[in-house]
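Please open the model in your viewer and keep the selection tool at hand. The tour goes from one selection to the next and says what is there.

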Amino acid sequence: MSAFTSADWLPLFAHFLAMSMLAIGGALATTPEIHRYLVEQRGWLNDTQFSASIALAQAAPGPNLLFVPVLGHAIAGLPGALVALAGMLIPSTTLAFFASRWGRKRRQTLGVRAFVAGMAPVTIGLLAAAGTVLAAPLATHWSAALLIVVTIVASVKTKISPVWMIAIGAIVGAAGGV
Amino acid sequence: LNDGVEGPALSAAPRSAAALFWAFTSLALQGFGGVLPVAQRELVEKRGWLTREEFAETLSIGQVLPGPNVVNMSLMIGDRFFGWRGALCALAGMLVAPLAIVLTLAALYTRIASTPMAAGAIRGMGAVAAGLIFAMAIKLAPTLKKNPLPLALCAAAAFATWALVGGWRVPLAWVVLGLGGAMVVFAAWWLRQKT
């Protein structure tokens with residue numbers, strides 16, 4: 001772990017600006033890269049803080065992307081949350097605003113269809129990678145590994161709302177089960 | 001004339017940009033673990049602001065663009081009705097209330113994080129969060145069967161992405177621009193061959 005200093009604001013903002021443009025197929029697809037940068041490269045957060053932030057955001061209502069301000073909050077409080085969120089939003093929303101009218105008319109063109117077809121498998125791979133990065137620090141304990149597997153099965157096979165699964169995870173964990 | 005059989009035939013419009021803000025706040029607050037299914041129910045079935053086709057079309061454009069899908073989608077829907085003011089109102093509606101809630105939770109968590117019970121609870125929640133993201137990948141995998149590219153190639157690209165990013169921790173930009181870029185170029189060539 002290394003402390004976050006005033007010289008680190010710009011790199012933090014710049015990191016999320018870049019993630020915004022690379023978030024093809026959703027914000028969660030960038031979690032492996034955000035983990036690589038914040039935890040492995042800069043050491044601003046440890047694995048526990050990182051996965052706690054993702055878990056808190058999943059437990060709350062709203063778009064998935066809210067894990068970004070929660071990570072910012074864990075690094076540098078409320079200003080950190082706002083800087084991270086602004087970085088994650090500004091490039092992609094600006095692009096979306098100007099490109100959507102253009103794209104609406106050209107959705108059937110070869111370029112757009114090729115983009116969707118080519119990127120779809122990459123997006124799925126990135127989600128699996130995001131799950132791996134989050135599971136890796138926990139999976140050394142058999143009970144946590146079991147909880148991960150049970151969640152996967154329940155989520156694929158049933159329609160139980162994710163918020164209940166997270167609540168159950170919290171109760172099992174608080175009781176010392178993980 | 002089978003109007004009205006599958007929801008409103010003509011899409012109604014929101015009364016004002018403020019109405020957009022509150023509509024998006026309401027649907028964001030109902031969306032635990034993803035807003036998309038709620039958005040479809042509220043905007044298409046309940047309010048009739050968009051037809052099912054318009055919703056699917058907006059979503060598919062939102063998926064091509066970088067950035068969070070639902071955020072792009074709320075922006076485009078807001079823009080459609082009230083221009084940039086509508087886009088800002090829809091975006092703010094999607095984010096402001098959920099942001100306040102999640103940051104309150106985060107602040108509470110920071111205070112109690114050192115207690116063993118809170119640490120245990122967050123480990124349990126983290127394990128479930130990891131499982132939910134894996135499940136998302138598994139649930140999306142069958143959509144590759146409808147992909148115009150050969151299934152074996154799609155599977156190989158998904159697996160390579162997983163190994164590169166999840167296993168070897170290769171920077172995302174290299175994988176998205178390199179492997180993703182190569183896949184898009186190949187898809188363009190492939191689709192042209194078939195037409």
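The stops below begin with confidence, go on to chain A, and end with single residues in both chains.

**Before selecting anything**

This is a predicted model, in which local features need pLDDT of at least 70 and side-chain atom pairs count only at pLDDT 80 or more, while totals for chains, interfaces and linings use all residues. Residues are numbered from 1 along each chain as its sequence is written, chains are lettered from A and ligands numbered from 1 in the order in which they are written, and side-chain values use heavy atoms, with hydrogens and water left out.

The model has an ipTM of 0.84 and a pTM of 0.84.

**Stop 1: chain B, coloured by confidence**

The average for chain B is 86, and 93% of the residues score at least 70. Now pick out helix 6 (residues 151-167) of chain B, which has the highest mean pLDDT among the elements of that chain, 95. Helix 3 (residues 52-64) of chain B has the lowest, 75. Helices here are DSSP runs (H or I, at least four residues), as are strands (E, at least two), and both are numbered from the N terminus.

Then select residues 1-9 of chain B, where pLDDT stays under 50. For this stretch the model has six contacts beyond four places in sequence, a contact being heavy atoms within 4.5 Å. Where pLDDT is low, the predicted coordinates should not be read in detail.

**Stop 2: chain A as a whole**

Chain A has seven helices and zero strands. Along the principal axes, its C-alpha atoms fill a box of roughly 55 × 45 × 25 Å. Of the 178 residues in chain A, 56% are buried; buried means under 20% relative accessible area, exposed over 50%, and partly exposed in between (1.4 Å probe, protein chains only). Among the contacts in chain A with a separation of 6 or more, 61% join residues 24 or more positions apart.

Colour the charged residues next.

**Stop 3: the aromatic cluster of chain A**

Select Phe4(A), Trp9(A), Tyr37(A) and Trp44(A), which ring pairs link into a cluster. Rings of Phe, Tyr and Trp (its six-membered ring) pair if their centres lie within 6.5 Å; planes under 30 degrees apart count as stacked, over 60 as edge-to-face and the rest as tilted. Over all chains, the whole structure holds nine aromatic pairs. One of them joins Phe4(A) and Trp9(A) edge-to-face, at 5.0 Å centre to centre and 85° between the planes. Phe4(A) also pairs with Trp44(A): the centres are 5.1 Å apart and the planes are at 75°, so this pair is edge-to-face.

Which parts of chain A does the pair of Phe4(A) and Trp44(A) tie together? Phe4(A) lies in the segment before helix 1 (9-22) and Trp44(A) in the loop between helix 2 (31-41) and helix 3 (47-59), so the pair ties together parts that are 40 residues apart in sequence. Trp44(A) is buried, at 6% relative accessibility, whereas Trp9(A) is partly exposed, at 28%.

**Stop 4: helix 2 of chain A**

Stay in chain A and select helix 2. It is largely enclosed by the rest of the structure, because nine of its eleven residues are buried. Among them are Thr31(A), His35(A), Tyr37(A) and Val39(A). Just after helix 2 of chain A, Gly43(A) takes a positive phi of about 65°.

**Stop 5: single residues in both chains**

Thr151(A) is buried, at 4% relative accessibility. Leaving out residues up to four places away in sequence, it touches Met165(A), Val128(B), Gly131(B) and Leu132(B).

Move to Ala187(B), in helix 7 of chain B. Is Ala187(B) buried or exposed? Ala187(B) is buried, at 0% relative accessibility. With the residues up to four places away in sequence not counted, Ala187(B) touches Ala114(A), Ala117(A), Gly118(A) and Leu149(B).

Finish with Arg169(B), in the loop between helix 6 and helix 7 (172-194) of chain B. Arg169(B) is not a glycine, yet it has a positive phi of about 55°. Most residues other than glycine have a negative phi.

Methods. pLDDT is the predictor's confidence in each residue, from 0 to 100.
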